[in-house]
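Subject: Structure handover and notes

Hello,

Please find the structure below, for your files.

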Amino acid sequence: MDENFQVISAAKRVQGAPRTTEAELRERIDRSDFGENTKGWARRAARCESLGGPGWGLFEAPPIIERGEGSLLFDVDGKRYIDLLSGFSVSGLGNCHPAITEAIQSQAAQLTHFFDFSHPLRIRLAERLGELSGIEGRTRVLFGTTGSDGVESAVKAARHYTGKPYVLVAKGDYHGASYGTIGLTSRRGMNAPYFPGGTGGNVGFFGFPHTYRQGLSEFGGYGMEALEELERSLSGTYSPYADGSDNLVAAILVEPFQSSSGYYIPPKEYLARLRDIADRFGILLMVDEVQTGLGRTGTLWGYEHSGIRPDALITSKTLGGGLPLSAVVAREELFSSWKATAHINTQAGNVAACAAAHVVLDIITAPGFLDEVNRHGLRFKEGLERLALRHPSLDYIDHSGLYLGLEFVGDPVKKTPAAELVSKIRLAGLREGLLLDHGGYFGNRIPLIPALNIPDELIDEALEKLDVLIGQAEAEFGIS
């Protein structure tokens, strides 16, 4: 299909699609269960903020949060919520961690910003990340502000270093929503209205393998055969004139586990096979650890479960302790192949954010911390398994550390996705003081993203609430 035609078609779809209106949002606010302070602030947000924000998509009306304390959040009416979002892993050590808060306050009294220039905290952080990355040989680090920013920088560097234009990503991966990353993100069709995005359209997709739906004729998914197809494409199987040595692929960019799509965990051999493919065809393997990194999966990095070493990794979210910070850690040659001023980012490696990051690394790498993450994760998993015995809609649980993905179905035999049931659970959770996300290829998943240091008593309370919420939703939909 002609690229210009695709762009025009996407634009027409956007123009003709239903849009969110302020009047609609005000109606949703009015019928919500929030207190009057929250409703008042929500109306003001609907009046002055972009209507394309995520809060209005995730909730009928989003809570207006005023303060946080560990794994708890409180809205402007004082209502208490158990936080199973953790700012989508940004608050990986909970809200307002005392040691992180102290580091930010102390640094703010000395220096908060120094453009994209080196400073002692940034230099030391680069050294620490290189040592912790697990990347073989000498490393260099490129700092930024967000996960999207980190991905853009990694792709930019890979294309410059290799001189090749293409990047290969897994279907369903989320690598950002900025204009420079939207073409790399295929999660639930997010990129269609913006095709080709800042990537120039030089992106190829392959299937992400997941055991649960592999081989189903309806609502199916991919198995490891998806990588055989990728390998055949690269090797020139479909062309008698090529052997793969002249491929135009700069990098394979993947999430070790597929996060924003719904917390899907692939087979352990997934990354190992990609590592082998990358080596044989002279392609960089870059892992997006923005959500999986820094302890979320029970190891420091998600890729460690597969026993491989990447050429580059991207980390953000938890790294900044609540402040915007990203880092791309890569083999030395990737960031020494371009001239000075080849890449500039005004806020990269913000001083206060680097101060917070050092505390984050101190905590996560302390002896026994990851053991506790795995213990908390096991407590959550065992509790969820008990819920699954009582609730037939909860049919599958992805689990690694505190990385938990729950799959809900209307029919456990056909594995019919129960998207409406998930929506009911999530919205009722807000009413009952439980902050939940939703996802899944078919909108039928609930990922749980608690703080890595969530107390046992809040895990148990969250499980009790989920038990009630799932039961109520199943009763409404006649699932028994």
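Gly172 is found in the loop between β5 (166-170) and β6 (203-206); here helices (H or I, at least four residues) and strands (E, at least two) are DSSP runs, numbered from the N terminus. The model is a predicted one, in which local features need pLDDT of at least 70 and side-chain atom pairs count only at pLDDT 80 or more, while totals for chains, interfaces and linings use all residues. Residues are numbered from 1 along each chain as its sequence is written, and side-chain values use heavy atoms, with hydrogens and water left out.

Gly172 has a relative accessible area of 7%, so it counts as buried (buried is under 20% relative accessible area, exposed over 50%, partly exposed in between, with a 1.4 Å probe and protein chains only). Leaving aside neighbours within four places in sequence, Gly172 is in contact with Ser186, Arg187, Gln258, Ser261 and Tyr441, where contact means heavy atoms within 4.5 Å. Trp301 lies 129 residues from Gly172 along the chain, and the C-alpha atoms of the two are separated by 20 Å.

Next, the strands around β12.

Strand β12 (403-411) is mostly covered, with 7 of its 9 residues buried. Which strands does β12 pair with in the antiparallel sense? Strand β11 (residues 394-400) is joined to β12 by 6 bridges, and the two run antiparallel; strands pair if DSSP finds at least two bridges between them. β12 also pairs with strand β15 (residues 445-448), antiparallel, over 4 bridges, and with β13, again antiparallel, over 2 bridges.

Some positions can be followed from strand to strand. Gly405 in β12 stands opposite Asp398, and in β15 the bridge partner of Gly405 is Pro447. On the β13 side, Asp411 stands opposite Thr416.

Two hairpins belong to this region. The hairpin of β11 and β12 has 2 residues between the strands, and Gly401 there takes a positive phi near 60°. The hairpin of β12 and β13 has 4 residues between the strands, and Lys415 in its turn has a positive phi of about 55°.

Most residues other than glycine have a negative phi. Lys415 has a positive value although it is a residue other than glycine. Its place is in the loop between β12 and β13 (416-417), and Lys415 is buried, with a relative accessible area of 18%. Phe88 is another residue other than glycine with a positive phi, near 55°. Phe88 lies in the loop between β3 and α5 (98-108) and is partly exposed, at a relative accessible area of 30%.

The sheet that contains β3 is described next.

This is an open sheet of 4 strands in the order β1-β2-β3-β14, with mixed pairing. β1 (65-69) and β14 (434-435) stand at the edges and have a single partner strand each, so one side of each is left without a neighbour in the sheet. Strand β2 (residues 72-75) and strand β3 (residues 80-83) pair in the antiparallel sense over 3 bridges. Within that pairing, Leu73 has Tyr81 in β3 as its bridge partner.

On cysteines: how many disulfides are there? The count comes to 0, taking a disulfide as a pair of cysteine sulfur atoms within 2.5 Å. Cys96 is in no disulfide, and the nearest cysteine sulfur, that of Cys354, is 20 Å away. Cys96 counts as exposed, at 55% relative accessibility, whereas Cys354 is buried, with a relative accessible area of 0%.

Last, a pocket.

The second largest pocket has a volume of about 680 Å³. On a 1 Å grid over the protein atoms alone, a pocket is an open set of points where a 1.4 Å probe fits, with protein on both sides within 12 Å along at least five of seven lines; lining residues have an atom within 4 Å of a point. Grid points are joined across faces, edges and corners, and a volume is the space filled by probe spheres set on the points.

The lining of this pocket consists of 24 residues, of which Ser118, Arg122, Arg140, Val141 and Leu142 lie nearest its centre. The elements that give two or more residues to the lining are α6 (120-132) and β4 (139-144). By class, the lining has 13 nonpolar, 6 polar and 5 charged residues (Ala, Val, Leu, Ile, Met, Phe, Trp, Tyr, Cys and Pro count as nonpolar, Asp, Glu, Lys and Arg as charged, and the others, Gly among them, as polar).

Regards
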